[in-house]
Amino acid sequence: MGIRITFPSEKNQAPIVQTPRTERNAAIVDSSSELSRGRKAAHHSSENGTMAEIIAELNALVGLSTVKRLIHEIQAYIEIQKRRTREKLVAEPLVLHMIFRGNPGTGKTTVARLIGRLFKEMDVLQKGHIIECERADLVGEYIGHTAQKTRDMVKKALGGILFIDEAYSLARGGEKDFGKEAIDALVKAMEDHKNELILILAGYKHEMEWFLQTNPGLRSRFPIHIDFPDYSIEELLSIGDSMLKTRQYQFTSEARDVFRFMMQGVLNSHPYAGNARLVRNMVEKAIRKQAVRLYAKPTSSREELMGILPCDLNLDDDDLK
């Protein structure tokens, strides 16, 4: 079949040239499509990060040594069970629902997001996204409403992680509270979607222990318990330095001493508040105060634009909430 040329009936229209799809042309088209698909796949992979990149991101987190070690153990456990399955050996079921125990700002949500991405790379989860919710997102106002709200949240989380913060609040209302209905709906979802969903319940350590005791069947459904310790003063300083460095700011030596003094005071008087969330709030407030200070000047040097001074640091009661 040769080249076909069609001349349109209307004047001033260019002729239409149709080239037959030869094997060579088809190969070029197919190769181009494969290249396009490859680029899309590479872009998608780069968005989610390779497994090595995710582990490097986890290891770069300040502190959390016991948390990191346990996650490495979980990663190894999953991989070995896959190898055993390929060799037709008995493999343990992958029940990966988790309890995260720790004070606010200790990295629970950050680690949950990394776990979702890691499990996607390991083909444990299809999407690896995380849906964060709390009691108000699950508990309704009348009979039957709670079960529907809970099912809706589960549906959004399929293929990823459903992360419930302050999960113990679901059991605080007693037998007649609709929170119990949410717990029952979650337990059912864990069975119905056991290969499509990982449930992570998070909250204060002692409250989470009490919560597990209110329902004897819960503890066995969550085989992985991870405790998130409070950060030390040195770790809080490192977190502050890292947050500033990412934004291309830095403490002056005097400001760092003031920051240390402030954080030590918080640890002494408000032990539950002295964590990464407080550091982030203080860093963001310092950057704003620095901006106001420099705005009053007609020009600013590079060093001034980067430097956080003692006068930029402030701590009030709202920061401790």
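## A cluster of rings

Let's start with three phenylalanines: Phe-100, Phe-163 and Phe-228 are joined into a cluster by ring pairs. Keep in mind that this is a predicted model. Across the whole structure, a search turns up 4 aromatic pairs.

One of these pairs is formed by Phe-100 and Phe-228, whose ring centres are 4.9 Å apart and whose planes meet at 50 degrees, so the pair is tilted. Phe-100 sits in strand β3 (residues 98-102) and Phe-228 in strand β7 (residues 224-228), so this pair ties together parts of the chain that are 128 residues apart in sequence. Both Phe-100 and Phe-228 are buried.

## A pair of tyrosines

How far apart are the ring centres of Tyr-168 and Tyr-204? They are 6.4 Å apart, and with the planes at 40 degrees the pair is tilted. This pair, too, links distant parts of the chain, 36 residues apart. Tyr-168 belongs to the loop between β5 (160-165) and α7 (179-192), while Tyr-204 belongs to the loop between β6 (197-203) and α8 (205-214).

Are the two tyrosines buried or exposed? Tyr-168 has a relative accessibility of 3%, which is under 20%, so Tyr-168 counts as buried. Tyr-204 has a relative accessible area of 22%, which makes Tyr-204 partly exposed.

## Helix α4

Next comes a helix to trace from end to end. Helix α4 covers residues 108-121, 14 residues in total. From its first C-alpha to its last, α4 reaches 20 Å, close to the 20 Å expected at 1.5 Å a residue. After α4 comes Asp-123, which has a positive phi, near 65 degrees.

Which residues of α4 are buried? They are Lys-108, Val-111, Ala-112, Leu-114, Ile-115, Gly-116, Leu-118, Phe-119 and Lys-120.

## Where α6 meets α7

Two packed helices are described by the angle between their axes and the distance between the axes. For helix α6 (residues 145-157) and α7, the angle is about 40 degrees and the axes are 9 Å apart. That angle makes α6 oblique to α7, and the crossing of the two helices is right-handed.

Which residues meet where these helices pack? On the α6 side you will find His-145, Thr-146, Ala-147, Thr-150 and Val-154. On the α7 side, the residues they meet are Glu-181, Ala-182, Ala-185, Leu-186 and Ala-189.

Note on methods:
Residues numbered from 1 in each chain as written. Predicted model: local features only at pLDDT ≥ 70, side-chain atom pairs only at ≥ 80, totals over all residues. Heavy atoms only, no water. Phe/Tyr/Trp six-rings, centres within 6.5 Å; stacked < 30°, edge-to-face > 60°. Helix = DSSP H or I, 4+ residues; strand = E, 2+ residues; numbered from the N terminus. Buried < 20%, exposed > 50% of the residue type's maximum accessible area, 1.4 Å probe, protein only. Expected span 1.5 Å × (residues − 1). Axes fitted to C-alpha atoms, helices over the stretch in contact; angles between N-to-C directions. Parallel < 35°, antiparallel > 145°, perpendicular 65-115°, else oblique. Left-handed = near helix turned anticlockwise from the far one by under 90°. Contact = heavy atoms within 4.5 Å.
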